[in-house]
Amino acid sequence: MESLKEKTARGLFWGGMNNLVMQFIGAIFGFAMARLLDNADYGMMAGIVVFTTIATELKDSGFKTALTNESHPEDRDYNAVFWFNLLMGIGLYVILFFLAPLLGDYYKNEAVVPLARYAFLGVVITAFSTSQSAWLFKNLRTKQLAKASMTATLLSCVIGITMALLRCNYWSLVTQNLAYVFFNTLLLWHYSPWRPSMSWDFEPVRRMFGFSWKVMATTIATQINNNVINVLSMRHFGKINAGNYYQANQWDSKAYSLVQGMVSMVAQPVLVDLREDSGRQLAALRKLMRFTAFIAFPLLLGLRLVGYEFIVLAIGEKWLACVPFLQILCLSGCVMPLCTLLSNMVLSKGRSDLYLWATLGLCLSQIGLMTVLWPHGLTVMAEAYVVLSVVWLFVWYCLVSRLTGYRLLDFLKDTVPFALAAFGVMLLTGWMTRPVTALWLLLPVRVIVAAMLYYVVMRLAGAKILEESLTYLKVKK
């Protein structure tokens, strides 16, 4: 039988593989979609994506996390969640269908109404997969989760690009999202051995609800945090400016999600398994923090370095206006995976109340800031978003420190060296590559030089996380 350490390593491997393939496929098709569609098409998507996500989280009600947090969830627990989510999904869609005209009034654009009603179908589709996904997640079946996500990503991207070629405009983006949800749901059913029964026992739902509603409220607040600028930009700055910001946010999100998704696949299940042994749990958290910082800082600061040439070469000069936003957002992207990891630690301690209030505090702070700052423009709003994200990293640390005794000096040792190394490497890379003027050459040269310099710095510094990562990859090979 695999040890927890082996399961964690395997989970990180497949989590990394899943996110790498998903982001690679998404990037390739994203390049094509951005060239085929206009800035205004992405602006329309920016206007509704937050509402679709919030509806999905209302339907899930945090039960996936609640099931994962159960020491030994039973079949009746999964079954209760399945039927509850299905009823909630159908009910929410009916409500949202009739409320869609309010979005049209808010954005002063009637075209949003049918688009929103179409996009909200995803709420019903995902209702069929929450229990299957929770079962695979709880049992660390990361390989199966990865295969489902990768296949669904590929199929949905093909559908999206086909519709874009047929000039379906913003309908292509929404259909691509719906296709991903549909295929991912089918594949989760294929890989999960769990099946629902016709038993209508909702007692487990009532039992878990005290924990799950806080997770649900927190996730909704997180989605508002991630999309509040999208909503305000669509209303106050128009479809084109909203599309430029949405495009920048999309590429920043793809980059940090590569790390965040990898770690999230194993963090909570592993930390829950170790919660009876606080010493081992904290040691596992610290190792995950070092691994996350080791990957996140060079990846996001590297994207910031090559932001201009990346946008021009990948999606064309018509998107030049999104470059400053991308370079700003990459700074907040560095800390997003670390915040997620720390919040998972809070959840593993069963403190969904702290998880809720911390995220709600961030949400209210951000809404207040953006409401005050929007007259000063999108750039100022993006800069404020970065500052608030970094501040909230330390809020999450304080909560974890209170629960586990994680010392500030240890936290700084686990993160700051990688941040400083990555920052120094990017500065040096920028200086070394100044003579290169051709963009098609500058992009790969900067990537190669930065990767080599970062590897050398980690070697010279004797970073154990580098040695452990390389050792696991060699064994896997």
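This is a predicted model: local features need pLDDT of at least 70, side-chain atom pairs count only at pLDDT 80 or more; totals for chains, interfaces and linings use all residues.

1. In the protein chain, residues 24 or more positions apart make up 84% of the contacts with a separation of 6 or more.

2. How does the overall size compare with a compact globule? For 477 residues the radius of gyration of such a globule would be near 23 Å, and the protein chain has 22 Å, so the two agree. The C-alpha trace spans about 70 × 55 × 45 Å along its principal axes.

3. The secondary structure is quick to list: 21 helices and zero strands. Of the 477 residues, 57% count as buried. The accessible surface comes to about 20400 Å², and carbon and sulfur atoms account for 67% of that.

4. Helix α4 (residues 75-107) deserves a look. Its 33 residues should span 48 Å at 1.5 Å a residue, and the end C-alpha atoms are 45 Å apart, which agrees. Do note the bend of about 40 degrees at F98, with a proline, P101, following within four residues. Just after α4, K108 has a positive phi of about 55 degrees.

5. Which residues of α17 are buried? Among them are L354, Y355, A358, T359, L362, C363 and Q366. The cover over the buried residues of α17 includes α10 (203-236), α16 (336-348) and α18 (378-404). An α-helix has 3.6 residues a turn, so residues three or four places apart point the same way.

How values were computed. Residues are numbered from 1 along each chain as its sequence is written. Side-chain values use heavy atoms; hydrogens and water are left out. Helices (H or I, at least four residues) and strands (E, at least two) are DSSP runs, numbered from the N terminus. The expected span of a helix is 1.5 Å times one less than its number of residues. The bend at a residue is the angle between axes fitted to the seven residues ending there and the seven starting there. Buried means under 20% relative accessible area, exposed over 50%, partly exposed in between (1.4 Å probe, protein chains only). Contact means heavy atoms within 4.5 Å. The radius of gyration is taken over C-alpha atoms; the globule rule is 2.2 Å times the number of residues to the power 0.38. Accessible areas come from the Shrake-Rupley method with a 1.4 Å probe; for residues, only the protein chains shown count as cover.
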